[in-house]
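Let's take a walk through this one together. Have the sequence and the 3D view open side by side, and follow along as we go.

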Amino acid sequence: MSQEHNESLQIQEITKLKPKHFADLVRSAQLVFDPTAGVSGRSITVDWEQFGIPHDVADNLKSLGQQYQYASPHIPVEDIWRKLTPETRIWFVENKDRLWQLEEAFPALDED
């Protein structure tokens, strides 16, 4: 087993987070970075605290979303975990099962 795989399993065991939670976090971070989903000419100002995301956490998610703006959300767990601040890690663990609600608030623009 590779060291990265072992690290990923350790993170998941300690935090009770699953790869799907990390994919949800990446999709949420992409939305925090760009709530318009890249549509030019559109501008949305969002108060992330109304969505339960503290300012410092939103800043960390925005940075993550910028880095992975067009990436698949299925990024190795250990890569994402390393990029999270301690505050964001705590928020993530506490809100892992609510991240999908953020995605629902900003439906994909290409959906019918």
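**A walk through the helices**

Let's start with lysine 16, which is exposed, with a relative accessible area of 55% (exposed means over 50%, buried under 20% and partly exposed in between, using a 1.4 Å probe and protein chains only). You'll find lysine 16 in the loop between helix H1 (3-15) and H2. Its phi is near 65°, a positive value in a residue other than glycine.

Before going further, a word on what you're looking at. This is a predicted model, where local features need pLDDT of at least 70 and side-chain atom pairs count only at pLDDT 80 or more, while totals for chains, interfaces and linings use all residues. Residues are numbered from 1 along each chain as its sequence is written, and side-chain values use heavy atoms, with hydrogens and water left out.

Now zoom out. The secondary structure comes to six helices and zero strands, so reading along the sequence gives you α-α-α-α-α-α (helices are DSSP runs of H or I with at least four residues, strands are runs of E with at least two, and both are numbered from the N terminus). Of the 112 residues in the chain, 39% are buried. Take the contacts with a separation of 6 or more: residues 24 or more positions apart account for 74% of them (a contact means heavy atoms within 4.5 Å).

Next, look at how the helices pack. Two packed helices are described by the angle between their axes and the distance between the axes. Helix H2 (residues 19-33) and helix H3 (residues 55-67) pack at an angle of about 100°, with their axes 7 Å apart. The axes are lines fitted to C-alpha atoms, for helices over the stretch in contact, and the angles run from 0 to 180 degrees between N-to-C directions. H2 and H3 are therefore roughly perpendicular to each other (that label covers 65 to 115 degrees, with under 35 roughly parallel, over 145 roughly antiparallel and the rest oblique). On the H2 side, the residues in contact are Leu25, Ala29, Gln30, Val32 and Phe33, and they meet Ala58, Leu61, Lys62, Leu64, Gly65 and Gln66 in H3. The residues of this contact divide into seven nonpolar, three polar and one charged. Here Ala, Val, Leu, Ile, Met, Phe, Trp, Tyr, Cys and Pro count as nonpolar, Asp, Glu, Lys and Arg as charged, and the others, Gly among them, as polar.

Is alanine 29 buried or exposed? At 0% relative accessibility, alanine 29 counts as buried. Leaving aside neighbours within four places in sequence, alanine 29 is in contact with Leu61, Leu64 and Gly65. Lysine 62, over in H3, is partly exposed, with a relative accessible area of 38%. Not counting residues up to four places away in sequence, lysine 62 touches Val32 and Phe33.

H3 also packs against helix H5 (residues 86-95), at an angle of about 95° and with the axes 9 Å apart. That pair is therefore roughly perpendicular too. Here Val57, Asn60 and Leu61 in H3 meet Glu87, Thr88 and Trp91 in H5.

What about the inside? In soluble globular proteins, nonpolar side chains tend to be buried together. The largest nonpolar core here has 26 residues, and those with the most contacts inside it are Leu25, Ile53, Ile80 and Phe92 (such a core is a set of buried Ala, Val, Leu, Ile, Met, Phe, Trp, Tyr and Cys residues joined through side-chain atoms within 4.5 Å). H2 gives the most to this core, with six residues. As for isoleucine 53, it touches Val32, Trp48, Ala58, Leu61, Trp91 and Leu102, not counting residues up to four places away in sequence.

Finish with the rings. A search of the whole structure finds three aromatic pairs (rings of Phe, Tyr and Trp, the last by its six-membered ring, pair if their centres lie within 6.5 Å; planes under 30 degrees apart count as stacked, over 60 as edge-to-face and the rest as tilted). The rings of phenylalanine 22 and tryptophan 81 have their centres 6.3 Å apart and their planes at 65°, so the pair is edge-to-face. Both phenylalanine 22 and tryptophan 81 are buried. Ring pairs link Phe22, Trp81 and Phe92 into a cluster.
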